[in-house]
Amino acid sequence: MAILVVGGAGYIGSHTVYALLEQDPNCTVIVADNLSTGHRRAVHPKAKFYELDIHNRAALDELFAQEQVEGVIHFAASSQVGESMEKPLEYYANNLGGTTTLLQAMAAADVRHIVFSSTAAVYGEPQNIPIREDDPTIPTNCYGETKLAVERMLAWAKGAHDLNYVALRYFNAAGAHISGEIGEVHNPETHLVPVVLQVPNGKRPGVSVFGEDYPTKDGTCVRDYIHVTDLADAHILALKYLRNGGTSDVFNLGNGVGFTVKEVIEVAKDVTAHEIPVTTAPRRAGDPAQLVASSEKARTVLGWKPCYDSLTTIVETAWQWHRTHPDGF
Ligand code: UFG
């Protein structure tokens, strides 16, 4: 039986494919990706690759007819918070529309398990820190809204189609595979860690800090950074949980420790031994002041335990990737 990783050529998807094959070199991993933001060279050489768009029902039906798929790990989505505010309909079409077609094809092919890539952005401005899964979900951006809509769709589809799901709400994914073979490549890049590392790489003169007047210890936003390989492991555990009869559920994934934007920049200075000039810019629309996870539920129910939980290690692995691949793949 095979595991289908949809969006397996993207950042978190490609790391999950590596982790699947590292943990079980004999497992069959199939990657489906339309390569709109993913990279063919990020796909593990031992994975079978389908260049396929999840809006294409006929192509999905064909894939499910060809392969014995037991479970799906679904990453394919538009995932830029800022862009989602400018192109909300595109986000609904890609994230809700694409996933609807995927679920229809799964139901028709009798594929029962799906691990869905959700986000901390479903919470919006949190009412409690650390955030728990049963805290209110009031997204402040369209990206989070579409991911929450998919979570709700999964809950409805579950009963009707005998589908089991786990939705994983990631906090801030960062870092790169320990081997240095794959890492984060977005174009344009907007995420803090890779943006900061563009300075020592000679790609930008400095970093704009979006807002210094937040109610945090140094006035900049606080985020919970989580290593991409730890996220990958959680997907594998979630699939095992479903295969073992676990009930459908949602889980936060973070380290439970918040770092300010300025603290991240300080760590990057130490790791790279390079100056990182900073300028203050206005707040970015839709940014909550603090996002820090309680991942107790993932730890106790899934048995998840992050291995790369220091921010220094996260930035070191990211730097190893970026300094050796300044232009990406
Ligand atoms: N930031 C800057 N300057 C930059 C880039 C980012 O100051 O050049 C700040 C942001 O304003 C924010 C923090 O750094 O306060 C982190 O920003 P990122 O863009 O790296 O990450 P976000 O927290 O905005 O979003 C990420 C993912 C989303 C996910 C969210 C959940 O990109 O998909 O985490 O926390 F929804």
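Modeller: One term to begin with: a charge sits over a ring if NZ of Lys or CZ of Arg is within 6 Å of the ring centre and within 35 degrees of the ring normal. Note that this is a predicted model, where local features need pLDDT of at least 70, side-chain atom pairs count only at pLDDT 80 or more, and totals for chains, interfaces and linings use all residues. Residues are numbered from 1 along each chain as its sequence is written, and side-chain values use heavy atoms, leaving out hydrogens and water.

Colleague: What lies over the face of Phe 251?
Modeller: Lys 297, at 5.2 Å from the ring centre.

Colleague: And which ring does the charged end of Arg 283 sit over?
Modeller: That of Tyr 214, 3.9 Å from its centre.

Colleague: How many aromatic pairs does the structure hold?
Modeller: Three. Rings of Phe, Tyr and Trp (its six-membered ring) pair if their centres lie within 6.5 Å; planes under 30 degrees apart are stacked, over 60 edge-to-face, the rest tilted. One of the pairs is Tyr 241 with Phe 251, edge-to-face, 6.0 Å centre to centre and 90° between the planes.

Colleague: Is Phe 251 buried or exposed?
Modeller: Buried, with a relative accessible area of 0%. Buried means under 20% relative accessible area, exposed over 50%, partly exposed in between (1.4 Å probe, protein chains only). Tyr 241 is buried too, at 14%.

Colleague: New topic. Which residues are buried in α2?
Modeller: Leu 60, Leu 63 and Phe 64. On the other side, Ala 58, Ala 65 and Gln 66 are exposed.

Technical notes: Helix = DSSP H or I, 4+ residues; strand = E, 2+ residues; numbered from the N terminus.
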